[in-house]
Amino acid sequence: VRLLQDKKDLKGKKILITAGPTREAIDPVRYITNHSSGKMGYAIAERALDRGAEVLLISGPTNLKAPVGVNKIDVNTTNEMYEAVLKSFEWADVVIKSAAVADYRPAMVAENKIKKDDNDFSIKLVRNPDILKELGKRKKDNKILVGFAAETQNLFHNAKNKIQNKNLDFIVANDLTKEGAGFKSDTNIVTIIDKNGQTKHYEKMPKIDLAEIILDKVKSLLIEE
Ligand code: CTP
Ligand code: CA
């Protein structure tokens, strides 16, 4: 049960959150995507709003409803998300990139439905832009950048590399091999690692509670400035 008198400790802060998967068309009826439900990002949006922040949620296709009071922009592809996020980057004090972004897209989108024949079939994929890496390049000292990492192996090593490569303040690393972690679930099991190497592991908990912890960490960094 949540307290009715929420603290408004993020009042005046502008928080941009991305959530959900992205979707890359192959032809008019088919696409490439991933298992992201969007639950983590929507939970962060809900808590940030309750704590007084102005919230912009840039979301790939999900079955979720954004809380009333959250500004929402719907996108499909990684390129669309890239455009939308860059447009609002200046505005934001904090960016939390929980979206599971498609790293590749089909080199061409077929205009008509692709018909099968007796041969095997392959699709050439080309790289999508790395949205968070681009934000990291443009980041100035006073902005806070939070990434997520979905890993099935070498969690610490990979997550630490992502902090460096993308110039993040901290990363929320999901161990996808654990039951109760990751995409579809209402719970998550994560390790939060910050740019100074400070590492904290959290046991399985509801995504809404993890959202609170992530925002507490953001809040502590805002105070440090
Ligand atoms: N991300 C992004 N744009 C991409 C790919 C990822 O902004 N094209 C962001 C995600 O939203 C997430 C973070 O980068 O916050 C890490 O995503 P992840 O898929 O774990 O890492 P990648 O850098 O894509 O590396 P890989 O998939 O090879 O592990
Ligand atoms: Ca990726």
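In which strand is leucine 16 found? Leucine 16 is part of strand 1, residues 14-19. The legends below describe a predicted model, in which local features need pLDDT of at least 70, side-chain atom pairs count only at pLDDT 80 or more, and totals for chains, interfaces and linings use all residues. Residues are numbered from 1 along each chain as its sequence is written, chains are lettered from A and ligands numbered from 1 in the order in which they are written, and side-chain values use heavy atoms, with hydrogens and water left out.

**View 1. Leucine 16 in strand 1.** Helices (H or I, at least four residues) and strands (E, at least two) are DSSP runs, numbered from the N terminus. Leucine 16 has a relative accessible area of 0% and is therefore buried. Buried means under 20% relative accessible area, exposed over 50%, and partly exposed in between (1.4 Å probe, protein chains only). Contact here means heavy atoms within 4.5 Å. Proline 61 is 45 residues from leucine 16 along the chain, and their C-alpha atoms are separated by 17 Å.

**View 2. The nonpolar cores.** A nonpolar core is a set of buried Ala, Val, Leu, Ile, Met, Phe, Trp, Tyr and Cys residues joined through side-chain atoms within 4.5 Å. The largest one has 32 residues, of which Ile15, Ile17, Ile44, Ile96, Phe170, Val172 and Ile214 touch the most other members. Helix 5, residues 207-224, gives the most to this core, with seven residues. A second, separate core has 25 residues, including Leu16, Tyr82, Ala159 and Ile193. In soluble globular proteins, nonpolar side chains tend to be buried together. Isoleucine 214 touches Met40, Ile44, Ile96, Phe148, Phe170, Val172 and Ile192, not counting residues up to four places away in sequence.

**View 3. Helix 3 and its cap.** Helix 3 spans residues 131-138, and its buried residues are Ile131, Leu132, Glu134, Leu135 and Gly136. The elements that cover these buried residues include helix 2 (78-89), strand 6 (94-97), strand 9 (144-151) and helix 4 (155-166). At the N-terminal end, aspartate 130 caps helix 3, with a side-chain oxygen 3.2 Å from the backbone nitrogen of leucine 132. Such a polar contact is a pair of N or O atoms within 3.5 Å; within protein, one must be able to donate a hydrogen and the other to accept it, and residues adjacent in sequence count only if both atoms are side-chain atoms.

View 4. Apart from residues up to four places away in sequence, threonine 77 touches Thr22, Arg23 and Glu24.

**View 5. The surroundings of ligand 1.** Ligand 1 is surrounded by 14 residues, and the closest are Lys97, Ala99, Phe148, Lys162 and Lys166. A residue is counted if one of its heavy atoms lies within 4 Å of the ligand. Oxygen atoms of ligand 1 lie 2.7 Å from a backbone N or O atom of lysine 97, 3.3 Å from a polar backbone atom of alanine 150 and 2.7 Å from a polar side-chain atom of lysine 166. Taken alone, ligand 1 exposes 570 Å², and the protein buries 77% of that. Accessible areas come from the Shrake-Rupley method with a 1.4 Å probe; for residues, only the protein chains shown count as cover.

**View 6. Asparagine 174 in strand 10.** Asparagine 174 is buried, with a relative accessible area of 9%. Its side chain makes a polar contact of 3.0 Å with the side chain of asparagine 188. Neighbours within four places in sequence aside, asparagine 174 is in contact with residues including Phe148, Ala150, Leu155 and Val190.

**View 7. Lysine 184 in a loop.** The loop that holds lysine 184 lies between strand 10 and strand 11 (187-194). Lysine 184 counts as exposed because its relative accessibility is 57%. The side chain of lysine 184 makes a polar contact with the side chain of histidine 35, at 3.5 Å.
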